[in-house]
Amino acid sequence: VFQEHSITNRKTDALGPAHLYFTSSTDGGAHWSSRVLLGPPARTISDKEWWINGAIGIDAAGNLYATWDTQGAQDIGWLSYSSDDGKTWSRPLRVTPDHDTAVHIVEVVGGKAGEADVGWLTDAPQRGYALYLRPFSISKGWLSDPVQASGAEYGDRGEWPGDTFGISYLPSPGGPALQQHVHVTWGSGVHTRTTARDDIYATTVSLTS
């Protein structure tokens, strides 16, 4: 998955809005398939947020999942999936529930066959940056409401939390059949009356499957 910006001035390399594309190789990168546009042409990525898009994951059955966010009157996180090795993709599904221009750093990890977990780091909450997770099924859609993985810790809006965060699916043989475990890591600046620090956090979250 990659994003391509329009170039508005070739002398200065000034960039315009971008779109997300998919391509693949089966011979070690010597040749690549024709690129496929993800999402409608009217939904674009701002040249101010080029470094946080996009992310791609694969589940146990080989289904592909891609996430990104677009800017405009709202900043929206999106999910699209493919069950044919990326030749065709589903219509984009809205990931982020808030209707605002808050930052949305969106990532995805594939899980068991037909399922993926989507996460996003955002400063939409009044208290600052928070990390959310939501499980998705190709056959059933969203499996639960968003879960706030970051708990009571909120990052300071005045400090950029980083361009990415970590997300991993943890298989749990012998565990509850209707649960999956996702490990996430993220960074934030936390300011209180007595302390100011930049920290990296990690936690494991149990989600509906």
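How many aromatic pairs does a search of the whole structure find? In this predicted model, the search finds 8 aromatic pairs. Phe2 and Tyr21 form one that is stacked, with 5.6 Å from centre to centre and 25° between the planes. This pair links distant parts of the chain, since Phe2 belongs to strand S1 (residues 2-9) and Tyr21 to strand S2 (residues 14-22), 19 residues apart. Phe2 is partly exposed, its relative accessible area being 30%, whereas Tyr21, at 12% relative accessibility, counts as buried because the cut-off for buried is under 20%.

A further pair is made by Trp186 and Tyr201, whose ring centres lie 5.6 Å apart with their planes at 20°, so that this pair is stacked. Here too distant parts of the chain are linked, with Trp186 in strand S14 (residues 179-191) and Tyr201 in strand S15 (residues 196-208), 15 residues apart. Trp186 counts as buried at 7% relative accessibility, and Tyr201 counts as buried at 14%.

Returning to Tyr21, the charged end of Arg35 sits over the ring of this residue, 4.2 Å from the ring centre.

Elsewhere, ring pairs link Trp51, Tyr129 and Trp160 into a cluster. Trp51 lies in the loop between strand S3 (36-38) and strand S4 (55-58), and with 32% relative accessibility Trp51 counts as partly exposed.

Technical notes:
Residues are numbered from 1 along each chain as its sequence is written. This is a predicted model: local features need pLDDT of at least 70, side-chain atom pairs count only at pLDDT 80 or more; totals for chains, interfaces and linings use all residues. Side-chain values use heavy atoms; hydrogens and water are left out. Helices (H or I, at least four residues) and strands (E, at least two) are DSSP runs, numbered from the N terminus. Buried means under 20% relative accessible area, exposed over 50%, partly exposed in between (1.4 Å probe, protein chains only). Rings of Phe, Tyr and Trp (its six-membered ring) pair if their centres lie within 6.5 Å; planes under 30 degrees apart count as stacked, over 60 as edge-to-face and the rest as tilted. A charge sits over a ring if NZ of Lys or CZ of Arg is within 6 Å of the ring centre and within 35 degrees of the ring normal.
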